[in-house]
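Visitor: I would like to go through the terms used for this model one at a time. Please set each label against the rule behind it.

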Amino acid sequence: MEPILTIRDLTKSFGTHKVLQGVALDVHAGDVVSLIGASGSGKTTLLRCVDLLEQFDAGEIRLDGELMGYRLKDGRRLRLSGRELARQRSRMGMVFQSYNLFPHLTALRNVMLGLTKVRRLPASEARGIAEYWLDRVGLANRRDYYPSAISGGQQQRVAIARALAMEPRLLLLDEVTSALDPELVQEVLLTIRSLAEAGTTMLIVTHEMRFARQVSTRTVFMDHGAIVEEGDPAIILGKPNSRRLREFLSSMSN
Amino acid sequence: MQSFLDVLALSSDQLLHGLTITVVVSGVAVAAGIVLGALFGLALTYGSAVLAFPVRVIVDVVRGTPVLVLILACFYMPAGIGLSPGPLTAGALALTVFCASHIGETLRGALLAIPLAQTDAASAIGLTFAQTLGYVLVPQAIRQIAPNLVNTAVEIVKASSLLSAIGVGELLLTTQEIIGRSFKTMEFYALAGGIYLAINLLIATGGSWLERRYRLR
Amino acid sequence: MGYALDFAAVLRGLDQLLWGLALGLIMGLAGLAVGSAIGIVAALAHVFGPQPARTVVRLYVGLIRNVPILVLALFAFFALPQFGIQFSNITTFAAVLAVYAGAYLTESFRAAMITVPQGILDAGRSIGLTGSGVALWVVLPIALRNALPSVGNNFISLFKDTSIAAVIAVPELTFQARKINNESFRVIEVWLTASFLYVGTCALIALTLRRLEARFPKF
C-alpha cells in the first residue's frame, strides 16, 4: 500500500544552523507516528515543513504521491503559488501547542471557518459538520463560547475539531499538551486516543512518553535534525539501541 | 505673466523670513513646553492635591481644546484685563501651553509605569527622593517618552501654521501674501506643504539619530 | 482688573455656537467614516500587499502626517476646482479631514494588524486559507476590534481639528465664537464658553467610547 506521507532527504537550515539534515519518513494510512526528541532536535520544524508553514531547502515531501510546496521545472525547485499552497494545506490538519483558536469567533465558528471559506460549503451544511465534530470532542455544550471563556483543554479540543472538520488526510499535532495545566492534559490525550482508535492518521510531536507508548503504532526519535531510531514504541522505548535515545529517555524520566 | 520661479526668486527673502518665524516660534514653544511640561508631569505625579488639582484642570482643559481655540483665546482674552500681548507672544504662549500639557500627561504616564521596586531599590541604597527622581526615575521616563517628544514637536510645527489666523507672519501667512500678489495659488501652497514636510522629516530624523546616539531604544 | 463677567452676549449666540458644534461633529464623523475606510484599505495594503503598495502607503502616511491640515485644506480648496470638482467649503474640509484622518488611521489599523500573533496566522493558513483569506477573515476582524481605542482617540483629535475649518469660513463652533468675539467684545466669556463646549464634548465622546469598548471583548 502506498504511504499517505513520504518524506525524503528533507534538509533545512536557519542561517548556518542545520535544523533538519536529510530526514526520511513514511506514514501509512491509520499510522499514529509519535515524534520524540529533545527540544531543538527539529521535531516541530519537521511538522511545520510538512504543513508548509516553513519552507525547506532541499528534499521532498509527498502527500498521496503529490509533491508538496514546490514543483520541479527543468530540475529546479519552484515554490508553489499562495493559492496552491493553501489548497495543499487544506488537505492536512494541524493542531498547535498554544491552540491558536481564532479569538474573535465562537467555538462553532472556529470550526466552521475553513468549511465556509476554504471548502465553500453553505453555512447550514458547515454548521452541521462543525456541530458533529464539536460533539466528537465532547464540547457540544461549548459551541457558542468564545475561546477566552473556555479552559485550555477545551480550547485545544476545539482546535482538534477545527482541524478534523476539514477531513484531512493526515493530522499533525505539535506538543498539543505542553501549554496545558497538568489537570487538563488527560482530556486532550483521551480525545487523541479515541481518534487513534477510529483510525485517524496522525503525526504527533510529544513529550508524553507514556502516551507515545500507549497510542502510537510507531515511534520516531530525532536528534540534531536527524532521525536516529524508529520502530515499535514498546521496543524502542523499552530497549533503546542508541546511546542518545537512552540518554534522552533517562532525562525524561527524571 | 510671471512664472512661478520668477515669483519665487523675488519673494525668497520674504519666504525665508516666514520660515524663520515658524522655526523660532516652534522651537521656543517646544523648549519652553518641555520645561513647563516637566513641571506639570512632576506636579501631576508627585504633587500634593493642592498642586496637582489645578495642574490637572489646566492639562485636561488644554488637551480637550483645539489648538486654534487656544491660540484665539490667548490672542483675544488678555484684552479683557487690559493686556495686549500681540499676536506673536500670544501665539507662542498658546503653543507652549499646548506642548506642556501633552508632555506633562505623557511624563506622568511614563513615571507611573516605572515599577515601584525601582523607587524601593533607590531608597534601599540611601538616595533621597530628589536623587531618586534625578538619577533613577527621570532617566527611565525620558527613554519612555522620547518618541512622544518627537511627535509633539512635529505637532507643534504643524500647529504653528494656525498662527496665520491671528496675523503672525509665519510661513503660511507669508505664503498667502505671496499668493495674494502673484496668484500662483497651488504652486505656493504646495511649496509651503513641502517646507513643512521637510522640517518635520528633519525633526523625525534628528529624533531617531538622538535615540540611537544615546541608546534610548 | 475691572472686568465684570457678562455672559448675555454669549447666551444670545448660544444657538449658533451649538449649531457650530453640531457641524463640527458631523464633519468629524464624516471624516472618521471615510478616513476609516481609507485607513483599513491602506493598512491591509501595507501589511499584506506587494512592495509597490507598501511604498505608496508609506508615502501617503508620511506626507499627510507631516503637513499642517490647514495647508492641505487651503491647497484642496483651490486644487479641487481645477479638476472640475465643485465642493462647498464644508464638503471640501470634510474631504480633507478624511484624507488626513486616513493617514493616522492607517497607522492605527496597521498596528492592530501586525500585533495579531503569528500563531493565529499559522492557524488560518493551516486550515487552507490563502493569504487574502487570512487577511480578510482572521486578521481584519481581530484588528478592527483591537484598534477601537486608537480609533476613538483619533476621532477626538479629528473633532478638535474641525475647528480649523473656521479659517476657511465654515461656520462651525470656533468660527461662531470668533464672530461673537468680534461683535460683542466679550472676549473672556466667549472663549471660556467655546473651550468648555469642546472639552465637554471630548469628554462625552471619550466616555461613550469607553462604554463601547467595555461591551466588546478585546482579543
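Visitor: What is the handedness of the crossing of α1(B) and α4(B)?

Guide: The model is a predicted one. In this model α1(B) and α4(B) cross in the right-handed sense. A crossing is called right-handed if the near helix is turned clockwise from the far one by less than a right angle.

Visitor: Which classes of residue make up the contact of α1(B) with α4(B)?

Guide: That contact has 19 nonpolar, 8 polar and 1 charged residues.

Visitor: Why is β3(A) called mostly covered?

Guide: Strand β3 (residues 32–36) of chain A has 5 of its 5 residues buried. A residue is buried if 20 or more other C-beta atoms lie within 10 Å of its own.

Visitor: How do you know that both faces of β3(A) are covered?

Guide: In a regular strand the side chains alternate between the two faces of the sheet. On one side of β3(A) are V32(A), S34(A) and I36(A), on the other V33(A) and L35(A), and all are buried.

Visitor: What makes β10(A) and β11(A) partners of β3(A)?

Guide: Two strands pair if there are at least two bridges between them. β3(A) and strand β10 (residues 202–205) of chain A have 4 bridges and are parallel. Strand β11 (residues 218–223) of chain A is also joined to β3(A) by 4 bridges, again in the parallel sense. L35(A) has V205(A) as its bridge partner in β10(A), and V220(A) as its bridge partner in β11(A).

Visitor: Why are β2(A) and β5(A) placed at the edges of their sheet?

Guide: The order in this open sheet of 4 strands is β2-β1-β4-β5 (chain A), with antiparallel pairing. β2 (17–27) and β5 (66–67) of chain A each have a single partner strand, so one side of each lacks a neighbour in the sheet.

Visitor: How do you know that β4(A) and β5(A) count as a pair?

Guide: The rule asks for at least two bridges. Strand β4 (residues 58–63) of chain A and β5(A) have 2 bridges and are antiparallel, which means that the pair meets the rule. L63(A) lies opposite E66(A) in β5(A).

Visitor: How do you know that chains A and B do not touch?

Guide: Contact requires C-beta atoms within 7 Å. Chains A and B do not touch, and their nearest C-alpha atoms are 26 Å apart.

Visitor: Which chains have the most contacts?

Guide: Of the 2 pairs of chains that touch, B and C have the most contacts. Here 29 residues of chain B meet 30 residues of chain C. On the side of chain B that touches chain C, α8(B) gives the most, with 10 residues. By class, this side of chain B has 21 nonpolar, 7 polar and 1 charged residues.

Definitions and conventions:
Residues numbered from 1 in each chain as written. Chains lettered and ligands numbered in written order. Predicted model: local features only at pLDDT ≥ 70, side-chain atom pairs only at ≥ 80, totals over all residues. Nonpolar A, V, L, I, M, F, W, Y, C, P; charged D, E, K, R; others polar. Buried ≥ 20, exposed ≤ 12 C-beta atoms within 10 Å, placed from the backbone.
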